[in-house]
Amino acid sequence: MTRKLILTLLLLSVGANAWAKLEIEIVRGNKSAIPIAVVPFAWASSVPQPATGTAGIISDDLYRSGLFDPLAEADMVARPQGPTDIRYGDWKLLKTDYLVIGSVEDGSNGDYRFVYQLYDVNTQEQLLSRVLPVRPGDLRYGAHRIADDVYERIIGVPGAFATRIAYVAATGVGNELQFELVVADADGFNPQSIVSSPEPLMSPTWSPDGQNLAYVSFEKGNSAIWMQNVFTGGRRQISAYRGINGAPAFSPDGGKLAMALSRSGNPEIVVHDLNTGRFQQLTQHWAIDTEPAFSPDGRWIYFTSDRAGKPQIYKIGISGGQVQRVTFEGDYNARVTIAPDGKRLAMAHGNGNQYRIAILDSERNRLTVLSDGRLDESPSFAPNGSMILYASREGGRGVLSAVSADGSVRQRLVLSEGDVREPAWSPVIR
Amino acid sequence: MKSASRLLLTALLAITLAACANQKKEPVEVDTPPVQDRTDTPEVVTQALDANDYANSENFDNPDSMLYRGRRVIYFDFDQSTVRSEFRPVLRANGEYLAAHSGAKVTLEGHADERGSREYNLGLGERRGNAVRQILLSHGASANQIEVVSYGEERPTCRESSESCWSQNRRVEIVFNSTN
């Protein structure tokens, strides 16, 4: 279940209109998307129905994945409420492959219950029939959970809709510049500022349990790494050495935080044990070594280094040892992130003046460019590896974009105002 | 004596009368010279400010000096941290100032343009700050007078995606925290 995020306005209050929702727009669709109909859920609760439309949220989620083509509500010839109401012929005529129906009922202790089913229109087989208890404030979350369920049953991979994203937003210019660390639902709804500062905020990253965010804050004049519980707002300073304290990244078990520290004179990869408090320096080179990322098996740390002249991706064992170069294609490769399968690496890939998101298949050693912007950066995989969220620039300001991992579907998430950057997709929080 | 003075007096009277008679004939043009302006001639003894005196904080406000506060931004080429020769005189001036004022302290704020990754740019901004630091040290500044802070690409002065804008953002700003 989700917990309410507690707002911690640390330094300044937030303008009320600064956090209007992110607008999502599919830039490029997928022709082979699966036709599905999510019938509006029957409202069977004694409590008046809130404006949140469950079926609409599920349809939007499935659409955003790029793998589904949901039927518009206006085109539905029937609105079956239960299994016996379904006339499969109607849905076959509409060329719908799958059908979702459901209702919202009163649960215990003031909770709701989502009761829903998924059918294969062609085989008339019931694929899912579930009951999901949901707290009154969590109706959107409940809808995302159903979308995850449907996605997993049809695609065979867990969905990533009931997740969150964190990002940094900057509003204002000059002395009015204000930085916010924002946590929102994966569809951009419910954005909440959890840190607000007139000094830069950077590099948010989720702990594997989805409870904490580590980030960089300049609130004390120099960069420092903080770790904050997103539910309680409690936080602690992890690193505030002389020089750069940057690029935090959690180990897969959550016990360590890798980072870039320049306390020795130039940025090196350092691993901090969150339990013992020990700092272990992994790299030793005059170059800039930064942006560490753990492999999902926890055995390697990938990082950016310009030791060969320009930034490229390298890796080193978690206990140190030989540094191995990973990328060779392109002038500039940085900010690597590794897919949950451990095989695909997404990065900011620069050639000349163009920076795009590229994915390196480490088994086939093939690099594919996925985005088409001029200054695309900060890729972050969805926890199921299906999509990559990244930052791009459009009309002189930062927006967030998402691309399916195969590059077939791209979408844009636009905040109503301000510069949005450095998205980080949360793990699945269950 | 008495007779002599009387004689002189009589003579003077005669001249005056003659003059009066003259005045009546043709009036003299009265010349009125301007009152001398006394404010521009206070004889305060000063030497001209030596623009090359890099120990003198008055040169912070002297646009002719390399120590001028308006020159405290050092610009860099793309992905470079080498200080261009045009900025060396400014760094010499500031380095010598620091050498002459052991209590003076500066922060070197390193910045990068928006291209490339943010954390790498944090490293690049620091590298630029360190390059400036080395030059200040070479002119006699002490390590404890200089702090380097990198902001990477987080605090641009210009927000357009063009080279003219990027070149303004690739910089190190010398910020005096104390001038003593």
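Two strands are taken to pair if DSSP finds at least two bridges between them. On that basis, four strands of chain A in this predicted model form an open antiparallel sheet in the order β11-β12-β13-β14.

- The edge positions are held by β11 and β14 (235-239) of chain A, each of which pairs on one side only.
- Direction ignored, neighbouring strands of this sheet are turned by 25° against each other on average.
- Within the sheet, β12 (residues 212-217) and β13 (residues 224-229) of chain A are joined in the antiparallel sense over six bridges.
- In this pairing, A:N212 stands opposite A:N229 of β13(A).

**Largest pocket**
- Six strands of chain A each supply at least two lining residues: β11 (201-206), β15 (245-250), β19 (289-294), β23 (332-338), β27 (377-381) and β31 (419-425).
- Classified by residue type, the lining comprises 24 nonpolar, nine polar and three charged residues.

**Helix α1 of chain A**
- Helix α1 (residues 54-64) of chain A is largely enclosed by the rest of the structure, because eight of its eleven residues are buried.
- The cut-off for "buried" is a relative accessible area under 20%.
- The buried residues of α1(A) are A:T54, A:A55, A:I57, A:I58, A:S59, A:D61, A:L62 and A:R64.
- After α1(A) comes A:G66, which has a positive phi, near 80°.

**Paired strands of chain B**
- Strand β2 (residues 105-111) of chain B is mostly covered, with six of its seven residues buried.
- β2(B) pairs with β4 (residues 171-178) of chain B in the antiparallel sense over six bridges, and with β3 (residues 146-152) of chain B in the parallel sense, also over six bridges.
- B:G110 takes part in both pairings, standing opposite B:V172 in β4(B) and opposite B:S150 in β3(B).
- The chain runs from β2(B) through helix α3 (residues 118-138) of chain B to β3(B), and this β-α-β crossover is right-handed.
- In general, strands of a sheet pair through backbone hydrogen bonds, either parallel or antiparallel.

Note on methods: Residues numbered from 1 in each chain as written. Chains lettered and ligands numbered in written order. Predicted model: local features only at pLDDT ≥ 70, side-chain atom pairs only at ≥ 80, totals over all residues. Heavy atoms only, no water. Nonpolar A, V, L, I, M, F, W, Y, C, P; charged D, E, K, R; others polar. Axes fitted to C-alpha atoms, helices over the stretch in contact; angles between N-to-C directions. Buried < 20%, exposed > 50% of the residue type's maximum accessible area, 1.4 Å probe, protein only. Right-handed = clockwise from strand over helix to strand, strands pointing away.
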